[in-house]
Amino acid sequence: MYNGYGGRQEYFEAALSNFVFDVASGGSIRHLVDRGYSVDQIIKELAFPTPRERVEKTVFQYMVEIGILQFDCNKEGMQRQPVGTKNRYQWNSSLVENIARNGEENSYMQCPFGIWIKKDKNKLQQVISCLTAREQEYILGIQWEEKIMYHRLNSRMLEIGVQLAVKEGFQAEFYFLKENRILCNEK
């Protein structure tokens, strides 16, 4: 319906909808992301019913905004350091030590999940089969782009990264930006 203002009415309605969403759910979603919740856990915690797609989009945008997710880790000039073990304890110790030296904000894991979600669901299922249901839920709740992305090595991703580093057939790469180092599980 033409209201004499062209697209202004649609613009106003969209702005109002975004404002209402942010007041009702947006702040809660961001707070729960900060606490490491998966999309499914966030949906269960929200007091105001919010469509899953809207929650996923908000989670992804917020994770990018605060640097939990990155599109690039600038690999140029980084030294690759293979870690020749399949021992979870040794991987965990090594990653924790590197996070301590570099800071969590400078520690990332390479994540090809978006490529597999779009192009090779069998590969995705094969790789994440070693993860707990809670860990799989976390990975599958993120709206990964169809390319390699990088997830900050916070406590949630550290737990997942250790499991994947010892997984046969998965090329794990962990980026420590302060020291310009890549830890990987190749020999």
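## Aromatic pairs

At 34% relative accessibility, Phe 71 counts as partly exposed (that is the range between buried, under 20% relative accessible area, and exposed, over 50%, with a 1.4 Å probe and protein chains only). Keep in mind that this is a predicted model: local features need pLDDT of at least 70, side-chain atom pairs count only at pLDDT 80 or more, and totals for chains, interfaces and linings use all residues. Residues are numbered from 1 along each chain as its sequence is written, and side-chain values use heavy atoms, with hydrogens and water left out.

So much for the ground rules; back to the rings. The model has 6 aromatic pairs (rings of Phe, Tyr or Trp, the latter by its six-membered ring, with centres within 6.5 Å; planes under 30 degrees apart are stacked, over 60 edge-to-face, the rest tilted). Phe 71 pairs edge-to-face with Phe 60, at 6.4 Å centre to centre and 65 degrees between the planes. This pair links distant parts of the chain, 11 residues apart: Phe 60 sits in helix α3, and Phe 71 in the loop between β1 (69-70) and β2 (helices, H or I of at least four residues, and strands, E of at least two, are DSSP runs numbered from the N terminus). Phe 60 is buried, with a relative accessible area of 12%.

## An aromatic cluster

Trp 116 and Phe 170 make another edge-to-face pair, with 6.1 Å between centres and 70 degrees between planes. Here the partners are 54 residues apart, Trp 116 in helix α5 (residues 113-119) and Phe 170 in the loop between α8 and β5.

How much of each ring residue can be reached? Trp 116 is buried at 13% relative accessible area, and Phe 170 is buried too, at 5%. Both belong to one aromatic cluster, together with Phe 113 and Trp 144.

## Salt bridges

Now for the charges. Side chains of opposite charge can pair when their charged atoms come close. The count in this model comes to 8 salt bridges (a side-chain nitrogen of Lys or Arg within 4 Å of a carboxyl oxygen of Asp or Glu). One of them joins Arg 52 to Asp 40, with 2.4 Å from N to O. Arg 52 is in helix α3 (residues 52-65) and Asp 40 in helix α2 (residues 39-45), so this bridge ties together parts 12 residues apart in sequence. Arg 52 is partly exposed at 35% relative accessible area, and Asp 40 is partly exposed at 24%.

Which elements does the bridge between Arg 80 and Glu 173 connect? The closest N and O atoms of the two residues are 3.0 Å apart. Since Arg 80 lies in strand β2 (residues 79-82) and Glu 173 in strand β5 (residues 173-176), the pair ties together parts 93 residues apart in sequence. Arg 80 is partly exposed, with a relative accessible area of 37%, whereas Glu 173 is buried, at 8%.

Arg 134 and Glu 159 bring their closest N and O atoms to 2.5 Å. Arg 134 is in helix α7 (residues 133-141) and Glu 159 in helix α8 (residues 155-165), and the pair links these distant parts of the chain, 25 residues apart. Arg 134 is partly exposed at 37% relative accessible area, and Glu 159 is partly exposed at 27%.

The helices themselves pack at about 110 degrees, with axes 11 Å apart (axes are lines fitted to C-alpha atoms over the stretch in contact, and angles run from 0 to 180 degrees between N-to-C directions). That makes α7 roughly perpendicular to α8 (65 to 115 degrees; under 35 is roughly parallel, over 145 roughly antiparallel, the rest oblique). On the α7 side, Arg 134, Glu 135, Tyr 138 and Ile 139 meet Arg 156, Met 157, Glu 159, Ile 160 and Gln 163 of α8 (contact means heavy atoms within 4.5 Å). These contact residues divide into 4 nonpolar, 1 polar and 4 charged (Ala, Val, Leu, Ile, Met, Phe, Trp, Tyr, Cys and Pro are nonpolar; Asp, Glu, Lys and Arg charged; the others, Gly among them, polar).

## The chain as a whole

Stepping back, the protein chain has 8 helices and 6 strands. Along the sequence they follow the pattern α-α-α-β-β-α-β-α-α-α-β-α-β-β.

Of the chain's 187 residues, 43% count as buried. Among contacts with a separation of 6 or more, 74% come from residues 24 or more positions apart.
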